[in-house]
Amino acid sequence: MSYKMRLQWFNKQASEGEGKEFSAILDNSVYFLDKLGLSDESEIYDGGYDVKVEWFPYIQPYF
């Protein structure tokens, strides 16, 4: 199974969405989720996560 990530960013002072961007298709999703430490998350397809600095090397190539 493959999927895409959606990045959204917000203006904290105005509490408004500033924009969003979708990634390229993630072909090997299981490996990718392991790298981010999210493979055991039960709500991975319906959740929102704050992007961690450690994730940058893994997610940047897809945007």
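In which helix does Phe56 lie? I found Phe56 in helix α2. A reminder to myself: this is a predicted model.

I looked up the cover on Phe56 next and got a relative accessible area of 45%. Buried ends under 20% and exposed starts over 50%, so Phe56 goes down as partly exposed. Together with Val51 and Val53, Phe56 makes a nonpolar surface patch of about 280 Å².

**Overall layout.** I then stepped back to the whole protein. I noted two helices and two strands, and from the N terminus on they run β-β-α-α. Along the principal axes, the C-alpha atoms fill a box of roughly 35 × 25 × 20 Å. Of the 63 residues, 19% count as buried.

**Ser23.** I picked a residue in the loop between β2 (16-22) and α1, namely Ser23. Is Ser23 buried or exposed? I wrote down buried, because its relative accessible area is 4%, and the cut-off for buried is under 20%. I also traced the side chain of Ser23 to the backbone nitrogen of Met5, which it reaches at 2.8 Å.

**The acidic patch.** Which residues gather in a patch of negative charge on the surface? My list reads Asp34, Asp40, Glu41, Glu43 and Asp46. I followed up on Glu41, which sits in the loop between α1 (29-36) and α2 (56-59). Glu41 has 37% relative accessibility, so I marked it as partly exposed.

Terms used. Residues are numbered from 1 along each chain as its sequence is written. This is a predicted model: local features need pLDDT of at least 70, side-chain atom pairs count only at pLDDT 80 or more; totals for chains, interfaces and linings use all residues. Side-chain values use heavy atoms; hydrogens and water are left out. Patches are made of residues with over 30% relative accessible area and no salt bridge: like charges are joined within 9 Å, nonpolar side chains (Val, Leu, Ile, Met, Phe, Trp, Tyr) within 5 Å. Accessible areas come from the Shrake-Rupley method with a 1.4 Å probe; for residues, only the protein chains shown count as cover. A salt bridge is a side-chain nitrogen of Lys or Arg within 4 Å of a carboxyl oxygen of Asp or Glu. Lys and Arg count as positive and Asp and Glu as negative; His and the chain ends are not counted. The place of a charge is taken as NZ of Lys, CZ of Arg, CG of Asp or CD of Glu. Helices (H or I, at least four residues) and strands (E, at least two) are DSSP runs, numbered from the N terminus. Buried means under 20% relative accessible area, exposed over 50%, partly exposed in between (1.4 Å probe, protein chains only). A polar contact is a pair of N or O atoms within 3.5 Å; within protein, one must be able to donate a hydrogen and the other to accept it, and residues adjacent in sequence count only if both atoms are side-chain atoms.
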